[in-house]
Amino acid sequence: MKKLMYFLIAILVLSSCSSTKVTSDQVSNVEFKDYQTYKISHVPNKNGETINPINMQRVDKAIQNELADRDLVVSDDPSMQIVWGFGVDVQKSYSTNTNYYRHGGAGFRGRYGGYGMASSQSDTQEYDTSTGKLQIAVIDTRTEEVVWIGTAEDDFKGKSKKVEEKITEVIGKVFDEFPVSKHQS
């Protein structure tokens, strides 16, 4: 259940941080102008987890808006399938701080130093670093091959109250990499 919340938080923070990493890849000999229709589907992550239905609708709506801006149309017999999914990678990180203390001391401090007591104390903190990843793939329905993939990835923390806006922003950043340009209004 905790990982389900990570996805939402990941999407929220991905767009608000300048460190959001957006990448894409595509098959080089594909003519994207040949794709005019699409259908959207969601794939659960590798653990079979998914997000709540309201956020799924928000992701689908944001993708539909991006594709509509490119004059693409939803269809039951599409030329491309848009498949999206998410994942969360939680890594353990450690931070150690050491404090040194010197107690007393006496003796000749010339060339050979002095003597006294010293001690140190170390404190190690363990914390989780969560990286969220949203991936959108375009599959040619005729050949059933993936022809484009767009990914948004970032470390995340915290919560946001503007869920729908954040989802829209992140998906917009991913589709900025899409090979079909938005139409000019």
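Here are legends for a few close-up views of this predicted model.

In this predicted model, local features need pLDDT of at least 70 and side-chain atom pairs count only at pLDDT 80 or more, while totals for chains, interfaces and linings use all residues. Residues are numbered from 1 along each chain as its sequence is written, and side-chain values use heavy atoms, with hydrogens and water left out.

**View 1**
Find Thr-151 in strand 6, residues 145-155. (Strands are DSSP runs of E with at least two residues, helices are runs of H or I with at least four, and both are numbered from the N terminus.) Thr-151 has a relative accessible area of 8%, so it counts as buried; the cut-offs are under 20% for buried, over 50% for exposed and partly exposed in between, using a 1.4 Å probe and protein chains only. Its side chain makes a polar contact of 3.2 Å with the side chain of Gln-135. (That's a pair of N or O atoms within 3.5 Å; within protein, one must be able to donate a hydrogen and the other to accept it, and residues adjacent in sequence count only if both atoms are side-chain atoms.) Skipping neighbours within four places in sequence, Thr-151 is in contact (heavy atoms within 4.5 Å) with residues including Lys-21, Thr-23 and Val-174.

**View 2. The largest nonpolar core.**
This core has 29 residues, and Ile-63, Leu-67, Ile-82, Trp-84, Ile-136, Ile-171 and Phe-178 touch the most other members. (A nonpolar core is a set of buried Ala, Val, Leu, Ile, Met, Phe, Trp, Tyr and Cys residues joined through side-chain atoms within 4.5 Å.) Among the elements that each supply at least two residues are helix 2 (53-68), strand 4 (80-106) and helix 3 (163-175). Helix 3 gives the largest share, six residues. Zoom in on Ile-82 and, leaving out residues up to four places away in sequence, you'll find that it touches Tyr-38, Ile-40 and Val-138, among others.

**View 3. Aromatic rings around Phe-178.**
The structure holds five aromatic pairs. (Rings of Phe, Tyr and Trp, using the six-membered ring of Trp, pair if their centres lie within 6.5 Å; planes under 30 degrees apart are stacked, over 60 edge-to-face and the rest tilted.) Phe-32 and Phe-178 sit edge-to-face, 6.0 Å centre to centre with 70° between the planes. These partners are 146 residues apart in the chain. Phe-175 and Phe-178 are also edge-to-face, because their planes are at 65°, with the ring centres 5.4 Å apart. Phe-175 is buried at 0% relative accessible area.
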